[in-house]
Amino acid sequence: MAMKDFTNASDVCWQDVELGAVVTTPGSASVRRTGDWRTERPILDKEKCIKCGLCWLHCPDAAITPLDDGYFEPDLFHCKGCGICAAICPKKAITMLEEVEQ
Amino acid sequence: MSKRVVLEASHAVAEAVKMADVDLIAAYPITPQTHIPERLAEMVADGDLDAAYVPVESEHSAMSAVLGAAAVGARSFTTTAGQGLELMHEAVYVASSHRYPIVMAVCNRALSSPISIWCDHSDIMSCRDTSWIQVFCLNNQESFDMTIWAFRVAEDPDVMFPIMVNLDGFTLSHVTEPLELPDQADVDKYIPKYNYRLALKPEAPSSHGCFGLPEIYTEVKLAQEFALRASRPIIDKGWEEMSAMFGRSYKAIETYKGEGAKTLVVTMGSLGETAKMVVDQKREQGEAVGHLNIRLWRPFPFADFRDAVKGVETLVVLDRAISFGGPGGPVASELRSALYDVENKPKIVGFIGGLGGREIDAETFAYMIDRGNEIAKSGSDYLYEPILVRGLDTGTGVRG
Amino acid sequence: MAPEFVKVGKYNIDAKEYLAEGHTFCTGCGEALAIRLVCKALGENTIISMATGCDEVCSSPLPVTSWRLPWMHTLFENASAGVSGMEAGLKAMMRKGKVPERDIKFVAMGGDGGTSDIGLQSLSGALERGHDFLYVCWDNEAYMNTGIQRSSATPYGAATTTAPAGKLSMGQNTQKKNMVEICAAHDIPYVATACPSYPFDLMNKIKKGSEVKGPAYVHVLTPCPTGWRTPSNFTIEIGKLAVETGIFPLYEIENGHYRFTVTPNTLKPVEQYLKAQGRFRHLSPGEIAKIQKHVDEGYATLKAKMAAFPAA
Amino acid sequence: MTELLEVRWHGRGGLGAVTSAELLARAAASQGGYSQSFPSFGPERRGAPVVAFLRISDEFIRTRTGIRTPDAVVVIDPRLLRVVDVTAGLKDEGKIIINSVKTPEQLKADFGYKWPVASVDATRIARETIGLPITNTAMIGAFLKIYGVVEIDSLRQELEERFGARAAANLTALERAYNEVVIKE
């Protein structure tokens, strides 16, 4: 196996280590879930949304996905719940809802 | 067809760099290696060498620049000495950990303080565990040959480690003597084209120098350790090919008049030439004395060394650096540990001298051989004996 | 198929995420946003040489990486020396026909500590040698990766763990090092300040800096909720306040000619900016007044330069 | 006091899991006992799930490793239950103390915990006492109810030293959680 076949550090044996421990799969960290950092989640109200894309542009985590219909959907696998999208949305179409215990 | 020339060792190294078709040179001045980057600058300025010449602002940046160049797949060279080698020290580790085949000439120089621009091996001793392949040269011919050999071996897919070519500051770097230069065609054959599989390029974005969490750091380091040791066959193959193509043969451990020798005097670097002279004299006087040259310092050639000393009673080891408060001579202590588990091994008598440019002449070597044999018989609890120290009676050593 | 571009206002922004989602920057990190936007402005023909810092630690946990661009990190103080080797080395290979000629953007990146403290020497060397590269500094105004220690970019009056507000001390007692003027003094073709709170201004400057021949430097103020003690959702707003109060003016210097790129009509009082952040909470009115005076003088000096060396 | 008690605290970067462990360690030491508290080593990032560790003992504590088989696990943010295996390595006779609106029975049913579970709504308590949903000091109270290793009074001094004016509110939170925590063996 080669290092590029692993996404978890504790699965890698010394034989798997690529030359110079170079990571050869671009963006492989995208499999990592950071959604569990959230204590709040963004809720989009499509009525108010004017598809301006500012939420997508301002997300530090690239955790808002542009959809084909022009709307933008939070990617809850990665969204850390910082609330920047809600804060800058010109139409207040995004509100942050506290994550409750499931 | 090779050509006889007369060159300073520094210029011999520059000649080798030119013939190796280097793509980038990072240059920074520090006595006594400066003639190398100076000559390379002339070559680039006159169009004799098509390479990027980057006059960086420090040795730390010299090593950092060749790291960058190596990352994009450029054949890269830099050179330094003494304090410069210390300043770039953290970057030296990165070169080997990233497995970049950088070649660096080190004109060995004493470390401050006091500041000394003259030769000893204290600078290179700080690089002992940096996972670079390290070799030593005895003369100008070797300074040229080891540099050519370094590019061929470093870039081999079964190696991919940076190499330090050590030549003694001043005693080699500033001494002009004749040597043979091979044809460019032969060098082009000897050093294969280099194509770095993981080079940084937009069509295959890779990440070099990532963050190593505890769960993976050990595996990465052991992979590096095993690879460095596994590079040995290619190190030898490089010398064998050189012997076949250029007619000069080199080995990790070389003995001179070692057959039947009871005593071997051991050195690294250019003092080996002087030591061989004394071996000739001693042989003429009927004494079974030989010389052992350690050419390959890292990865240390344990097996070759043990074979070379079979049947020998005494090793007289001259160290050119002090491991203060430790075993004294770093080379002597490594040789002791290499032989520790060997049955009927020779006694090792350690001397420390040649520091900060102090000369070691034939007479002093003769004294060391005699004194070494004496100690070997009488036994001693000295770790080592410093030589030619005003105020220290001869025969007085340092205990642990 | 994911869209190639996303339309935002009159701009078509590259949809590709060169800093992939799944990184471990803090919640609401201004630096993560700046990196994301800068890489979109740079595009895929880019090679990055990065210094140690939040930028590198949060984006490259072996065996995975957030980078979708060729990227190398080696040490803390040598991003500029590294990029020098990349640029000069690859160009030599192109010239010698070892690799095809192509247009590559060489970009060095580092935090404020990695740029204005430990990395200043290698930056100055690379600028002076005239390498064709862009340097981008993520300035969150302290050593945040190691837990908010003061740097030479920490503003006067800010509390950090190594310049704390105490009974006898009011936090940082030195003025922020002016990296822009230091870089401009190298007579390089392009220097600019930027902030992700003004994303289009930031991306335009990155394009300009990366396309100009020779060295360029863009100093990006990247608000840090953890270090500035601000709520995670306040990152964009606090960046705007820095500009609107004149504390962090947005301008560019092209071949020595100055030009504001964002000109707030009247400057807001600095107090609005300072009071919004925990790191300034301890400041007395007197110290706030002192900061206001210093900001006003700085702004006036900058305006004088604009007048003396107007852009074409 | 006890012979060696090893506790793992689960929280989020910036929300005080490390502080809980440290305050308890200080309090234990102030009573003449021995203790260790330490975070999970690594860069802390605001929001990221983190763990902190606490050891309390009558004798000097020699071990320097992380805690792999804790006697007790304290979860100061219930939303972590879906994200992190908080019971990893928990000793068979261990206990789980969770800040949760659910009863211990519900938690055992929802997550299948075989260990005794204690729960208290520390978030509500914190909001009502400190005015912020910072639950680390309340959870100290819940912990002390289950493991009486330290006197609340010793905690009071530590709280005052650490929180100064805000110590009182934190102490109230601690005492309420101490009283309101319920356990299902």
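Confidence in chain D of this predicted model averages a pLDDT of 94, and 99% of its residues score at least 70. For the complex, the predictor gives an ipTM of 0.95 together with a pTM of 0.96.

Chain D meets chain C through six of its own residues, which are in contact with nine residues of chain C. On the side of chain D that touches chain C, those residues divide into two nonpolar, two polar and two charged.

Most residues other than glycine have a negative phi, and most peptide bonds are trans. Against that background, a cis peptide bond joins T31(B) to P32(B), with omega at about 0°. P32(B) sits in the loop that runs between strand 2 (24-27) and helix 2 (35-45) of chain B. A cis peptide bond also joins R298(B) and P299(B), where omega is about -10°. Here the loop holding P299(B) is the one between strand 13 (296-298) and helix 12 (302-308) of chain B.

Positive phi values come next. L388(B), a residue other than glycine, has a positive phi near 55°. Its place is in the loop between strand 16 (382-386) and strand 17 (398-399) of chain B. Because 16 C-beta neighbours lie inside 10 Å, L388(B) counts as partly exposed. In chain C, I148(C) likewise is a residue other than glycine with a positive phi, near 70°. The loop in question lies between strand 6 (134-139) and helix 6 (179-184) of chain C. I148(C) has 23 C-beta neighbours inside 10 Å and therefore counts as buried, the cut-off for a buried residue being 20 or more.

Helix 7 of chain C, residues 199-211, has 13 residues. From its first C-alpha to its last, helix 7 reaches 18 Å, close to the 18 Å expected at 1.5 Å a residue. Which residues of helix 7 of chain C are buried? They are P199(C), L202(C), M203(C), K205(C), I206(C), G209(C) and S210(C). Seen down the axis of helix 7 of chain C, these buried residues fall within an arc of 160°, so they line one face of the helix. An α-helix has 3.6 residues a turn, so residues three or four places apart point the same way.

Terms used:
Residues are numbered from 1 along each chain as its sequence is written. Chains are lettered from A and ligands numbered from 1 in the order in which they are written. This is a predicted model: local features need pLDDT of at least 70, side-chain atom pairs count only at pLDDT 80 or more; totals for chains, interfaces and linings use all residues. pLDDT is the predictor's confidence in each residue, from 0 to 100. Two residues are in contact if their C-beta atoms, placed from the backbone, lie within 7 Å. Ala, Val, Leu, Ile, Met, Phe, Trp, Tyr, Cys and Pro count as nonpolar, Asp, Glu, Lys and Arg as charged, and the others, Gly among them, as polar. Helices (H or I, at least four residues) and strands (E, at least two) are DSSP runs, numbered from the N terminus. A residue is buried if 20 or more other C-beta atoms lie within 10 Å of its own, exposed if 12 or fewer, and partly exposed in between; C-beta atoms are placed from the backbone. The expected span of a helix is 1.5 Å times one less than its number of residues. The arc is that of the directions from the helix axis to the C-beta atoms.
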